[in-house]
Amino acid sequence: MAANTLVFNSVVFLFCFMPLALGLYYLVPARIKNAVLLAESLIFFCWAGVSWLPLIVILIAAGYLGGLAIERMAKGPGRRAVLAVTVIVCAAALVFCKYTNFLIETINAVASFKLAELSFLDVLPLGISYYTFKLISYLADVYTGKSKAEHSLVDFSAYVLMYPQLIVGPIVKYREISEALHHPESRCTLKRAQDGAEMFVFGLAKKVILADSIAMLWQDIIGTDGIGLAQASLPLAWLGIIAYSFQLYFDFSGYSEMSNGLSLMMGFECPANFNLPYTSSSITEFWRRWHISLSGWFRDYVYIPLGGNRRGAARQILNMLAVWALTGIWHGANWNFICWGLYYFVLLVIEKTFLLKYLKKGRVWPHIYTLFFVVIGWGLFTCNMPGAPLGLLLHQLFIPHGGVSCLYFLRNYAVLLVLCAVCSTPIPGRIWNWCKRHTPARAAVLGASMILCVAYVIAATGSTALYANF
């Protein structure tokens, strides 16, 4: 992602772009709200540069025309061909932009070639992993009759490019917001604006107070100014990877809440993307709670079309392999992401084959089991980062050894670690539900959260979302 991307936790976005964009959106007549939303989304997209604008125009045109053609054609080979061509166009753009250099690098390594990588692909189009999946889901839903084709190019473009969802999603299906898209006169209400603002503030707090703060513990170990992972004792290595697990969760879920909060302020009610995943008691349950929009996308548009669990156990396992290989590849052009996807494939097959029935009977140990393997999974996920190669990380986590003690880091980060652990449970939600019934408490919590967020944003440099790189 470009360095000058307009991230949600930047001073420019919070105090310039968002107030102006929302103010204009609220003030204009209902009939042109979608046009204003599209214009604001284009400005947001082009903030990082205009070099990729022709690509998004081509993809929007392909999705728009493809949807109209699919709707108007009778069932048959021609209709399937239109679907296949338009989906291939969208997928090809994603593959070209995201994986060309990875393929060139792999070919060079395997065949000892000296093919030159494409330097202009070092900076990916903003949000391409998300809006290509939006387009594919839209085309598939029109084909299966779950959605009607969108006849307004402005409305369709506003859906694809909606700026709250550009950086890290979530992947909102067209059918989930089409009604609001077509009824701008009734979608902006005071309650939605208030609920959306609250959601945005709490998402911002997750990002700048929790995620960015706990990230410093991991960087104190593997960063250029850190002690070095090789010098960390076994307890400190575990402390570091646990900190990274918290960082990734609060970073991604915080951004998702900010996205949904912004969308709600504009009248679009989008499904939640996280549901307390670290409280899960199985890997199966974890993936029902983590990045819900992505899991749902692969279920609806890959797993079920391949046959799901309807064609026997062997075919089901093969379908799961396809889903998890693609899930890993979607996250990034690196072998560690592919291994990460296959790692979850193996765990889920084991659960589905025999383990899940035992996990359902347990109380405490299923949660420990789940958190253990999820944390190890994040080790796979992050092992392409400088300072944390997989072999060294696994050695530091599992081979007894000495090194720098964890006591100094525990002293500095203990309160933050406890706060992250508590905020991963239903406790904050229960407290907030009580506060909502008491206006003074509600105002005090929101006010304090906003003041703290502003202080953290001004003190920081507007760090981007981790998942924006995937």
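Buried means under 20% relative accessible area, exposed over 50%, and partly exposed in between, using a 1.4 Å probe and protein chains only. This is a predicted model: local features need pLDDT of at least 70, side-chain atom pairs count only at pLDDT 80 or more, and totals for chains, interfaces and linings use all residues. Residues are numbered from 1 along each chain as its sequence is written, and side-chain values use heavy atoms, leaving out hydrogens and water.

Now the aromatic rings. Rings of Phe, Tyr and Trp (its six-membered ring) pair if their centres lie within 6.5 Å; planes under 30 degrees apart are stacked, over 60 edge-to-face, and the rest tilted. The structure holds 57 aromatic pairs. In one of them, Phe96 and Phe120 are tilted, 6.3 Å centre to centre with 40° between the planes. Phe96 counts as partly exposed because its relative accessibility is 37%. Phe120 is partly exposed too, at 48%.

Trp238 and Phe398 also pair. Their centres are 5.7 Å apart and their planes stand at 85°, so the pair is edge-to-face. Trp238 lies in helix 10 and Phe398 in helix 16 (residues 390-398), so the pair ties together parts 160 residues apart in sequence. Helices are DSSP runs (H or I, at least four residues), numbered from the N terminus. Trp238 is buried because its relative accessible area is 18%. Phe398, with 39%, is partly exposed.

Next, look at Phe268. Setting aside neighbours within four places in sequence, Phe268 is in contact with residues including Tyr25, Leu37 and Met162. Contact means heavy atoms within 4.5 Å.

Terms used
Helix = DSSP H or I, 4+ residues; strand = E, 2+ residues; numbered from the N terminus.
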